[in-house]
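Please look through the sequence and the model shown here. The paragraphs that follow go from a pair of strands to a nonpolar core and then to salt bridges.

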Amino acid sequence: RCTHFIGVATLWIPAYALEGVVMAATAVVSAATAAALWVLMPRLLALPSPVQLLAANAALRASQAHYRASIERSPVPMHTLDRNGVFTDVSDSWTELLGYSRAEIVGRHLREIDAPGSDAWNEADQRQLFAHGEVRDMGRRFIHRDGQVIDVLVSGRLEQLDDETGVVCVVTDVTARRRTEAALRTAEERLRQTEKMEAIGQLTGGVAHDFNNMLQGIGGCLDM
């Protein structure tokens with residue numbers, strides 16, 4: 001545009017020196033642009049075409065849909081969370097374990113199903129998750145839809161979900177194991193108490209036997 005403007009201006013003003021300078025500057029810029037294009041040409045040619053971009057986006061959407069379907073149909077209870085701890089999806093086996101439907105749980109925070117005394121989204125675990133990319137076998141207690149408390153182990157890993165990074169968690173029900181362990185501890189405590197009482201009984205019997213022997217000697221002396 002500058003060269004065109006200067007060319008028109010020289011029709012009335014004989015500024016040929018200025019026109020020469022502008023044309024020389026334009027030539028330098030054009031040469032630099034051509035050199036830069038020559039260097040960038042392989043990269044420009046490597047860029048995907050609009051058709052390729054559409055195909056890649058379609059393949060990505062299909063892959064994400066397949067990934068979502070694999071989570072929802074997983075035989076292992078699984079749920080996905082966003083970075084704030086809000087449910088984004090759950091598997092069918094997860095709904096069977098905890099009793100909530102997918103519509104009831106998606107969009108709610110993980111803490112809403114925490115049993116009293118259990119913090120499933122505490123800061124320490126968040127720091128470990130985001131620092132190392134995964135956490136394993138965290139003991140948690142969730143509230144079933146009918147109000148029962150379920151003991152679980154939760155393992156989580158950072159994954160790319162849709163357009164953002166989320167957390168994919170696997171849930172293992174250990175309620176029966178915990179109850180068995182509690183019953184075993186109760187039985188062991190009762191056994192220890194029984195052993196203590198048996199030891200006390202034996203000690204009492206021994207003391208009574210020794211005391212009875214002493215009384216027999218005293219009674220014999222009194223009879224004499």
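Two strands pair if DSSP finds at least two bridges between them. Helices (H or I, at least four residues) and strands (E, at least two) are themselves DSSP runs, numbered from the N terminus. This is a predicted model, in which local features need pLDDT of at least 70 and side-chain atom pairs count only at pLDDT 80 or more, while totals for chains, interfaces and linings use all residues. Residues are numbered from 1 along each chain as its sequence is written, and side-chain values use heavy atoms, with hydrogens and water left out.

Begin with strand β1 (residues 78-81) and strand β2 (residues 87-90), which pair in the antiparallel sense over three bridges. T80 has D89 in β2 as its bridge partner. Five residues lie between the strands of this hairpin, and G85 takes a positive phi near 90° there.

A nonpolar core is a set of buried Ala, Val, Leu, Ile, Met, Phe, Trp, Tyr and Cys residues joined through side-chain atoms within 4.5 Å. Here buried means under 20% relative accessible area, exposed means over 50%, and partly exposed lies in between (1.4 Å probe, protein chains only). The largest such core has 22 residues, and F87, W94, L98, L110, I113 and F142 have the most contacts inside it. At least two core residues come from each of β2, α4, β3 (134-143), β4 (149-161) and β5 (164-173). What is W94 in contact with, leaving aside its neighbours within four places in sequence? Its partners (contact means heavy atoms within 4.5 Å) are P77, M78, H79, F87, Y100, I105, I113 and V171.

Now turn to charged side chains. A salt bridge is a side-chain nitrogen of Lys or Arg within 4 Å of a carboxyl oxygen of Asp or Glu, and a search of the whole structure finds ten. One of them joins R102 to D92, with the closest N and O atoms 2.7 Å apart. R102 belongs to helix α5 (residues 102-105) and D92 to helix α4 (residues 92-98), so this pair ties together parts that are ten residues apart in sequence. R102 is partly exposed at 27% relative accessible area, and D92 is partly exposed at 35%.

Another salt bridge brings R111 and D119 together at 3.4 Å, N to O. R136 and E134 meet in a salt bridge at 3.3 Å; R136 is exposed, with 63% relative accessibility, whereas E134 is partly exposed at 31%.
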